[in-house]
Amino acid sequence: MRADGGAFLAYHEPGIVSILTLISFFVFLAVAETAAERVLGAGLLGHMVVGLVYGAPIANILAPEWQDAFLALGYLGLILIIFEGGLTIRLDLLAQNLVLAVLTALVGVLTPIALSFALLYAGFGYGAIEAFIVGTALCSTSLGTTFVVINNASKAVDFSQTRIGTVLISAAILDDVCGLVLVSVIQQLRGLSAGGGASTNLGWIIGRPILASSLLSLLTPLAVKFVLGPAFRRLVKAGRVRQRFQHPANMSLTVLLLSAFLAVAAYAGASVLLGAFLAGTVVSSLPGRPADARHDSAGDAALGRPPAFAETFGKYVGDVQRYVLQPLFFASIGFAIPFLELWTGEAVWKGVVFAVLMVCGKLVVGLCVPLWDLVAVRQPPTGPAEKMAGACRRRVLAASWAPGALLGTAMVARGEIGLLIIQIGLNDTPVLSRSAFVVGVWAILLNTIVGPVAVGFLVARVGLRVAENPRWGTQARRQHGVEMQSGGESQGRNGQARGSREEIPG
């Protein structure tokens, strides 16, 4: 807006109604999160409810331009959520259980898509592409819900240090990465409606995001090992910039790498959210003190040791992300839920039936645990120890059902990623009907409610048994070739043992 012919925005004091509306919006976001966390174990549901009420679906209290602004800020919050997931993931444990995590993630992705085709396409008569889009939305796993529920369900056990917890987090991340790759495919489906050469370019429309995402995922570790890692070591050793400026230097490098990966992913045709996750893994892979190591900030500064990147992220961004951007993201999802359309008779019964099927589609992921034990614990073909080995094998298989049930139920919640994918399918493509969209939204919402409740129930009853399981419970870690039990006196939920990465000399 121009004032008196000048190129500047004329400043006007906001009215008291606008000020009180914004205050009430943020207050209710906090109150609703606390209530939903205590009742359902998923605070994000409270944010969505507030978004429903204040946004266009119900009362439309917020002005449209405010809703657009909160949508943009909320998407920035989503980028930071996924970046933090890549920043804090235990890459060493992921590497140790990579094969199992990949197999588990594949089951968690392919089964919901297959069941979606079976019910929506063959049963309800929706189109094949519609079934694919809805199945893609339901193949995701709410990583934020998974972290919150697992961490809050038990005060005595740190499930991030268990093998089943590592497989769960890794599979959930891989599920979301697969979903984000498929999002790029879905976004390119708009080219099918352009006519002309669309059919000729169909292979490139579908292949470009897959190729871009695959190359980014494969080339990023190589770039860290052979380019970024050595360059970072030389930079620190030569100029000591990071030791002198500590957190500001860490934050500057974090912003630079995150922005670079977002731009590369966007221009290459992949999802910017995949770029955010890869940026987090790159930052966490840079040499330095691990994020989960005990530390003394004053001592580290005196010795010239740089702080961990995760510590810097928490210091500068953590509170803003946790209390402002993250609630705005979940509230912005509530802005876009067609609340009134959910309550037609056809939408309710189809949505509930589809939701039950999608719960089963994630519960079967838990079968990977006993099947993995069935293959891993082999019975010797001959010899006097055959009967004893058979009994041992049966005990191992019997003990694997509790970890398997926990894995399956923890993957049920779809949450923010599922709603994001199905919203993209509706808004960015011409092929998803509102009827199929509403059925998918029903399934996502019901799964996001049922999943955390079921996990809390299981952890309360078998959590300690899972943690003490020798195969799936608390895992020993290796440091300089020596096994160290991660549940010893030097550890706790808030102070874990140091990782195996070496510190940069001061």
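Q: What is the mean pLDDT of the chain?
A: This is a predicted model, in which local features need pLDDT of at least 70, side-chain atom pairs count only at pLDDT 80 or more, and totals for chains, interfaces and linings use all residues. Residues are numbered from 1 along each chain as its sequence is written, and side-chain values use heavy atoms, with hydrogens and water left out. With pLDDT being the predictor's confidence in each residue, from 0 to 100, 76% of the residues reach 70 or more, and the mean for the chain is 79.

Q: How far does helix 15 reach from its first C-alpha to its last?
A: The expected span of a helix is 1.5 Å times one less than its number of residues, and helix 15 has 19 residues. The reach in the model is close to the expected 27 Å, namely 27 Å.

Q: Why is helix 2 described as largely enclosed by the rest of the structure?
A: Buried means under 20% relative accessible area, exposed over 50%, and partly exposed in between (1.4 Å probe, protein chains only). Among the buried residues of helix 2 are Leu44, His47, Met48 and Tyr54. Helix 2 (residues 44–54) is largely enclosed because the number of its 11 residues that are buried is nine.

Q: Is Asp175 buried or exposed?
A: Asp175 lies in helix 8, and its contacts (heavy atoms within 4.5 Å) include Ala105, Cys139, Lys362 and Met411, not counting residues up to four places away in sequence. With a relative accessible area of 0%, Asp175 is buried.

Q: Which residues does Ile81 touch, not counting those up to four places away in sequence?
A: Ile81 belongs to helix 3 (residues 64–88) and is buried, with a relative accessible area of 18%. Its C-alpha atom is separated by 8.9 Å from that of Ala276, which is 195 residues apart along the chain. The residues that Ile81 touches, with that exclusion, are Gln321 and Gln326.

Q: Which helix supplies the largest share of the lining of the second largest pocket?
A: On a 1 Å grid over the protein atoms alone, a pocket is an open set of points where a 1.4 Å probe fits, with protein on both sides within 12 Å along at least five of seven lines, and lining residues have an atom within 4 Å of a point. The second largest pocket is lined by 34 residues, with Leu94, Ser217, Pro221, Phe277 and Leu278 nearest its centre. Helix 4 (91–96), helix 5 (98–121), helix 8 (163–188), helix 9 (202–239) and helix 12 (272–285) each supply at least two residues of this lining. The largest share, 11 residues, comes from helix 9.

Definitions and conventions. Helices (H or I, at least four residues) and strands (E, at least two) are DSSP runs, numbered from the N terminus.
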